[in-house]
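Try each task before you read its solution.

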Amino acid sequence: MSEEAIDTNTVELATELTIAWLSNPNTRASGEDVPAFLKKMHEAVAGLSTEAESVSAPEAAAEYVPAVSVRKSLASKDFIISMIDGKQYKTLRRHLAGQGLTPAEYRQRYGLKPDYPMVAESYSEARRAMAKKIGLGRKPGMKRKAEAESAPSGRGRRKGAPQAEG
């Protein structure tokens, strides 16, 4: 971009900000305050535009090198090795949140497939077994039907118990 276009753009942005400031009903400004505020806004916008140009180039060049290979990260059923720091985790979600990443961003950063797991296989199985044991995922009447089918039939009498003579 040419310097004139940047300068014109910053003047327009500074003017827009000043107009927004003046249109706020809570702002109490005299006519003498407006030029000083406009000058401050122009300096701030010009400063931001030069910072944005200098910062955007190095960010785009950032290449992330994984700490371990994809194969090694999934080698064990008991844990997943993070490609960020090479440490072992049962679940990567909290670790990724601490790094400011979502699972989708993590997968994209390291070129992983969409089905790359975020939880270790054995941990997932243990959680699944616990959930089934306490009855999660069942519909409300399912537990009673399952108990009725597995309960012995016969109105309170055990097999082989002597019958009372009467």
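**Exercise 1. Compare the span of helix 6 with its expected span.**

Helix 6 covers residues 121-134, which is 14 residues. Helices here are DSSP runs of H or I with at least four residues, strands are E runs of at least two, and both are numbered from the N terminus. From first C-alpha to last, helix 6 reaches 20 Å, close to the 20 Å expected at 1.5 Å a residue; the expected span is 1.5 Å times one less than the number of residues. Just after helix 6, G135 takes a positive phi of about 90°.

Before going on, some ground rules. The model is predicted, so local features need pLDDT of at least 70 and side-chain atom pairs need 80 or more, while totals for chains, interfaces and linings use all residues. Numbering runs from 1 along each chain as its sequence is written, and side-chain values use heavy atoms, with hydrogens and water left out.

**Exercise 2. Work out the surroundings of T10.**

Start with location: T10 is found in helix 1 (residues 3-23). Next, accessibility: T10 counts as buried because its relative accessibility is 4% (buried is under 20% relative accessible area, exposed over 50%, partly exposed in between, with a 1.4 Å probe and protein chains only). Now list the contacts, meaning heavy atoms within 4.5 Å: beyond neighbours within four places in sequence, T10 touches H42, V45, A46 and S49. With H42, the side chain of T10 also makes a polar contact of 3.3 Å (N or O atoms within 3.5 Å; within protein, one able to donate a hydrogen and the other to accept it, and residues adjacent in sequence count only if both atoms are side-chain atoms).

**Exercise 3. Find the aromatic pairs and classify them.**

Rings of Phe, Tyr and Trp (its six-membered ring) pair if their centres lie within 6.5 Å; planes under 30 degrees apart are stacked, over 60 edge-to-face, and the rest tilted. That gives two pairs. Y106 and Y110 have ring centres 5.4 Å apart and planes at 70°, so they are edge-to-face. Y106 and Y116 are tilted, at 6.3 Å centre to centre and 50° between the planes. This second pair links distant parts of the chain: Y106 is in helix 5 (residues 103-109), and Y116, ten residues away, is in the loop between helix 5 and helix 6. Put together, Y106, Y110 and Y116 form one aromatic cluster.
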